[in-house]
Amino acid sequence: KRTSPAQTEFYQAVEEILESLAPVLEQNPKYRQHSIIERLLEPERQIMFRVPWVDDDGKIQVNKGYRIEFNSALGPYKGGLRFHPSVNASIVKFLGFEQIFKNALTGLPIGGGKGGANFNPKGKSDAEIMRFCQSFMTELHRHIGPHTDVPAGDIGVGTREIGYMFGQYKRLMNRFDGVMTGKSKLWGGSALRTEATGFGCVYFAQELLNHRDKSMEGKRCLVSGSGNVAIYTMQKLYELGAKPIACSDSNGTIYHPQGINLDLVKEIKEVRHGRLIEYCETHDDAEYTATEDYPDDGEAIWRYEADIAFPCATQNELNEHDAQCLLENGIEAVVEGANMPCTQAAVDLFVEQCTAFGPGKAANAGGVATSQLEMAQNASMTRWTADEVDEQLQCIMRRIYRDAQHTAEEFGHPHNLVLGANIAGFRRVADAMIDQGVV
Ligand code: NDP
């Protein structure tokens with residue numbers, strides 16, 4: 001029952017999951033007897049707080065901070081922090097809810113949580129970012145800990161922001177521990193954490209294609225976004241012989257059929273913190289479409305002909321009209337790098353048409369899985385090489401694919417990895433909750 005109409009994204013995520021859980025609930029009356037769904041839908045704890053900070057003009061600014069500690073049946077709460085003006089209680093709650101199932105699917109001992117602030121890092125000076133991060137952590141530090149709740153990055157939160165927050169935590173607690181992941185490799189971060197979500201997403205796509213006797217070689221790919229997930233998705237695509245031909249940011253889309261110049265995108269986004277339109281200054285054969293010129297019923301990037309689509313920017317960025325265009329243009333696979341980037345109607349279309357579809361919960365789980373590997377390294381005060389981490393990441397992504405695929409087959413829907421991933425994750429969490437009694 002919808003009791004809070006403002007929580008649109010949260011209800012969307014809940015509906016998507018509950019729909020696919022129907023067969024497992026029917027098959028196992030114990031889940032109803034133990035009121036698992038009712039308990040799962042209610043976060044164990046939600047923290048909302050004021051984040052006051054002083055801008056470069058000496059003016060006091062105030063933002064809203066959030067941390068949702070959703071479910072700890074399988075381990076400490078784990079999930080990223082998002083800094084974006086659109087962040088609100090519904091968005092943090094949908095992300096936290098999804099995170100429970102994603103983390104369970106990795107097979108690693110991590111619970112689900114998420115957080116963030118309605119802070120816009122764009123156009124802020126480095127000093128402003130630092131003051132904001134310090135203020136955010138001044139409240140958050142009392143709720144987190146290496147065995148309690150271990151935040152990481154997400155949209156708007158990368159190594160720089162994690163550094164400022166970790167520094168403040170250390171100062172307040174007088175402890176150097178594994179309380180956050182996504183740290184710099186210089187001081188406790190894991191090799192390959194930066195690349196992990198994008199790399200994992202492509203490993204997942206590879207499994208999807210292999211299962212259909214196809215390979216990544218020569219595939220033309222549309223990759224939305226140009227942030228952390230998009231960049232390292234594109235990098236791994238090139239390494240495996242595929243070709244990203246389009247990417248985007250919140251101002252527009254670049255289409256470059258010769259292949260996206262990834263070094264330039266990294267320079268613009270990671271070094272200059274600039275806008276993608278700058279790409280055209282050196283590539284006059286690339287086409288740029290500003291958001292004002294997007295089709296009325298969707299996004300420009302999904303209107304190009306390609307073999308695989310990787311939505312890697314944000315929630316609800318690919319709707320049913322976009323899905324229809326992709327299908328008409330003969331798309332072979334759609335793999336979600338972002339969280340809930342496809343609307344429910346779009347997912348339904350892909351599933352109906354038996355398109356190879358990798359749901360975000362499974363396909364983008366490489367990031368949080370590598371975060372857990374970072375926690376393991378921190379706890380044992382060891383450090384693994386990039387090759388060691390990559391080997392584990394590939395192994396985890398294969399296992400996630402296999403679990404989702406086998407579960408989909410078990411329930412008679414071999415092409416529906418949405419159902420397979422949701423049920424596989426759910427069973428782990430639900431069984432752990434039953435074992436731990438009514439808490
Ligand atoms: P970043 O902040 O690094 O990048 C986000 C990118 O998406 C930016 O290029 C941003 O453009 C673009 N973007 C944001 N909104 C829109 C929009 N409406 N239209 C087009 N582009 C847009 O975030 P991440 O790459 O870390 O995260 C991307 C997605 O992946 C999110 O859904 C996140 O939850 C998910 N995810 C991330 C993980 C991680 O390890 N980082 C792990 C698992 C999931 P601009 O620069 O203009 O803002």
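Where does helix 1 bend, and which proline follows within four residues? In this predicted model, the bend falls at Leu-21 and amounts to about 45 degrees. The proline is Pro-23. Helix 1 covers residues 8-27, 20 residues in total. At 1.5 Å a residue, a helix of this length should span 28 Å. The C-alpha atoms at its ends are 30 Å apart, which agrees with that expectation.

An α-helix has 3.6 residues a turn, so residues three or four places apart point the same way.

Two cavities of 30 Å³ or more were counted. The largest cavity has a volume of about 130 Å³. Its lining comprises 14 residues. Those nearest the centre of this cavity are Glu-16, Glu-336, Met-340, Val-347 and Lys-361. At least two lining residues come from each of helix 1, helix 11 (344-352) and helix 12 (360-363). Domain 1 (8-182) and domain 2 (194-358) each supply at least three residues to the lining of the largest cavity. By class, this lining has six nonpolar, four polar and four charged residues.

The second largest cavity has a volume of about 50 Å³. It is lined by Gln-46, Ile-47, Met-48, Tyr-66, Arg-67, Ile-68, Ala-89 and Val-92. Strand 1 (45-54), strand 2 (60-71) and helix 4 (89-105) each give two or more residues to this lining. Six of the lining residues are nonpolar, one is polar and one is charged.

Open spaces were also examined. The second largest pocket has a volume of about 400 Å³. It is lined by 19 residues, and the closest to its centre are Gly-178, Met-375, Gln-377, Asn-378 and Ala-379. Seven residues of this lining are nonpolar, nine are polar and three are charged.

The buried residues of helix 13 include Gly-366, Gly-367, Val-368, Ala-369 and Thr-370. Ser-371, Gln-372, Leu-373 and Glu-374 are buried too. Met-375 and Gln-377 complete the buried list. Met-375 and Gln-377 are also among the residues closest to the centre of the second largest pocket.

The loops on either side of helix 13 hold two further residues of note. Asn-364 and Val-229 are 135 residues apart along the chain, yet their C-alpha atoms are separated by 8.6 Å. Trp-384 lies in the loop between helix 13 and helix 14 (386-410). With a relative accessible area of 22%, Trp-384 is partly exposed. Trp-384 and Glu-374 are ten residues apart in sequence, and their C-alpha atoms lie 9.1 Å apart in space.

Gly-79 belongs to strand 3 (residues 77-83). Gly-79 is buried, with a relative accessible area of 3%. Its C-alpha atom lies 9.2 Å from that of Ile-110, 31 residues away in sequence.

Backbone angles pick out two loop residues. His-273 has a phi near 50 degrees, a positive value in a residue other than glycine. His-273 lies in the loop between helix 9 (262-271) and strand 9 (287-290). At 54% relative accessibility, His-273 counts as exposed. Cys-354 is not a glycine either, and its phi is positive at about 55 degrees. The loop that holds Cys-354 runs between helix 11 and strand 12 (356-358). Cys-354 counts as partly exposed, at 39% relative accessibility.

Conventions. Residues are numbered from 1 along each chain as its sequence is written. This is a predicted model: local features need pLDDT of at least 70, side-chain atom pairs count only at pLDDT 80 or more; totals for chains, interfaces and linings use all residues. Side-chain values use heavy atoms; hydrogens and water are left out. On a 1 Å grid over the protein atoms alone, a cavity is a set of points where a 1.4 Å probe fits but cannot get out, and a pocket is an open set with protein on both sides within 12 Å along at least five of seven lines; lining residues have an atom within 4 Å of a point. Grid points are joined across faces, edges and corners, and a volume is the space filled by probe spheres set on the points. Ala, Val, Leu, Ile, Met, Phe, Trp, Tyr, Cys and Pro count as nonpolar, Asp, Glu, Lys and Arg as charged, and the others, Gly among them, as polar. The expected span of a helix is 1.5 Å times one less than its number of residues. The bend at a residue is the angle between axes fitted to the seven residues ending there and the seven starting there. Domain bounds come from an automatic or database domain assignment. Buried means under 20% relative accessible area, exposed over 50%, partly exposed in between (1.4 Å probe, protein chains only).
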